[in-house]
Amino acid sequence: MVKPPAHSPQSVRRIEDTVRTDFRHAMSYGGYLDLDRLLSSQHPLSEPEHHDELLFIIQHQTSELWLKLVLHELLEARALLDADNLGKALKCIARVKAIQRTMTEQWSVLGTLTPREYAEFRGFLGSSSGFQSYQYRGVEFLLGNKNREMLRVFESDPRAHALLNTLLQEPTLYDAFLAALARAGYDIPADILERNTSEPWTFRQDLVPVFQKIYESDDTPWGLYEACEDLVDIEDNFHAWRFRHLRAVQRTIGFKVGTGGSSGVDFLKRALDLTFFPELFAVRTEIGR
C-alpha cells in the first residue's frame, strides 16, 4: 500500500507534544470557568422531565449572564464619563451594543419551542417570570427608565433590592454624559445637572438645541458625535430586543396572562413606548431646518 504524503489530510489530528494533558496540579479550562457548578445549575422541575424545559432554562440563564456583563460595562462606561475618558467609555458602550445584538438573536433559539411543548411544562414555573429579573431592571435603571414601584418586586431578595435601590438613587449613563458635555463647554441647563437622579428621565426640549449644535457643527469633536449615535444605537437595540421578546411570548402563549401576574403580551406592548434618550431622537426633526 502506498503511504499518503505527509501533507495529505488526516481524519485524526495528533495532539502536539507540547499540549498539557495532566491537570492534577494545574489550572484547567473547566476549573477556571467553574464548569462543574455552571453545568449543574440547570434543574428542570417538570414531572416527568420534559425534554424542552432544559432549552427554556438555558435560554434564560444565558440571558442573565449577558445582562451581568451589560451592567458591568455600563457601570464602567458611566465611571469613565465621570472621569472625562470618552474614548474608553465608548469602548464599553460598543461592547454593550454587541451583547444586545447577541441577546436579540438568541430569541430565535427559543422560537424553536412550540406552543404545545411549552404548555406541557409551563405550569411547573409557578409564579416565576422574567419580570422578576433584577439585572434587567438594573439595566433599565442605569439607562434612565427608573420606577421606584419596581423595588417592591424584590423585597424578598435583599441583595437584589439593595442593588436596585442604589441604581435608583445614582445618576444614569445619560446623566453622566450630559455632565461630561457641560464640562466640555456645552450649555446644559443647571437644573438638569442638579436634578433628583432617583426620578425617571423626562423629555427636555431645552436640550434639543444642544444636540442640534453637536450634530450640525463642523467643530464638534468626533467622539461626542459618536457618543450621541452610540446612545441611539443602544436604545434601538433595546427596542429590537423588546420586540423580539414580545413576538416570542405571543407565538408561544398567545394572549395568556404571564406567570408572574402581568397581562403578558399587552404589558410587553406598552414597554415598546418607553424611551431612554428622547432628545437624541427629537433633534432629528430639527437638523437641517
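Leu173, Tyr174, Asp175, Ala176, Phe177, Leu178, Ala180 and Leu181 are the buried residues of helix α8. This is a predicted model, and in it α8 (residues 173-183) is mostly covered, with eight of its eleven residues buried.

**Around helix α8**
- At the start of α8, Thr172 brings a side-chain oxygen to within 3.2 Å of the backbone nitrogen of Tyr174.
- Just after α8 comes Gly185, with a positive phi of about 105°.
- α8 is also one of the helices that the buried residues of α10 pack against, and the buried residues of α13 pack against α8 as well.

**Helices α10 and α13**
- Helix α10 (residues 208-216) and helix α13 (residues 278-286) have axes that come within 9 Å and cross at roughly 65°.
- That angle makes α10 roughly perpendicular to α13, because angles from 65 to 115 degrees count as roughly perpendicular.
- The crossing of α10 and α13 is right-handed.
- On the α10 side, the contact involves Val208, Phe211, Gln212, Tyr215 and Glu216; on the α13 side, the partners are Glu279, Leu280, Ala282, Val283, Arg284 and Glu286.
- Sorted by class, the contact of α10 with α13 has six nonpolar, one polar and four charged residues.
- Buried residues in α10 are Val208, Val210, Phe211, Gln212, Ile214 and Tyr215, and the buried residues of this helix pack against α8, α11 (222-253) and α13.
- In α13, the buried residues are Pro278, Glu279, Leu280 and Val283, which pack against α8, α10 and α11.

**Helices α6 and α7**
- α6 (134-143) packs with helix α7 (residues 158-169) at an angle of about 5°, and their axes are 9 Å apart.
- α6 is therefore roughly parallel to α7, since angles under 35 degrees count as roughly parallel.
- Eight nonpolar, one polar and two charged residues make up the contact of α6 with α7 by class.

- Ser133 lies in the loop between α5 (115-119) and α6.
- With a relative accessible area of 9%, Ser133 is buried, because buried means under 20%.
- The side chain of Ser133 makes a polar contact of 2.7 Å with the side chain of Glu64.
- Leaving aside neighbours within four places in sequence, Ser133 is in contact with Glu64, Leu67 and Phe154.

**Pro171, between α7 and α8**
- Pro171 sits in the loop between α7 and α8.
- The relative accessibility of Pro171 is 40%, so this residue counts as partly exposed; the cut-offs put buried under 20% and exposed over 50%.
- Not counting residues up to four places away in sequence, Pro171 touches Arg78, Lys146 and Thr197.
- Although 22 residues separate Pro171 and Leu193 in sequence, they are 9.9 Å apart in space, C-alpha to C-alpha.

Methods
Residues are numbered from 1 along each chain as its sequence is written. This is a predicted model: local features need pLDDT of at least 70, side-chain atom pairs count only at pLDDT 80 or more; totals for chains, interfaces and linings use all residues. Side-chain values use heavy atoms; hydrogens and water are left out. Axes are lines fitted to C-alpha atoms, for helices over the stretch in contact, and angles run from 0 to 180 degrees between N-to-C directions. Helices (H or I, at least four residues) and strands (E, at least two) are DSSP runs, numbered from the N terminus. Angles under 35 degrees count as roughly parallel, over 145 as roughly antiparallel, 65 to 115 as roughly perpendicular and the rest as oblique. A crossing is left-handed if the near helix is turned anticlockwise from the far one by less than a right angle, and right-handed if clockwise. Contact means heavy atoms within 4.5 Å. Ala, Val, Leu, Ile, Met, Phe, Trp, Tyr, Cys and Pro count as nonpolar, Asp, Glu, Lys and Arg as charged, and the others, Gly among them, as polar. Buried means under 20% relative accessible area, exposed over 50%, partly exposed in between (1.4 Å probe, protein chains only). A polar contact is a pair of N or O atoms within 3.5 Å; within protein, one must be able to donate a hydrogen and the other to accept it, and residues adjacent in sequence count only if both atoms are side-chain atoms.
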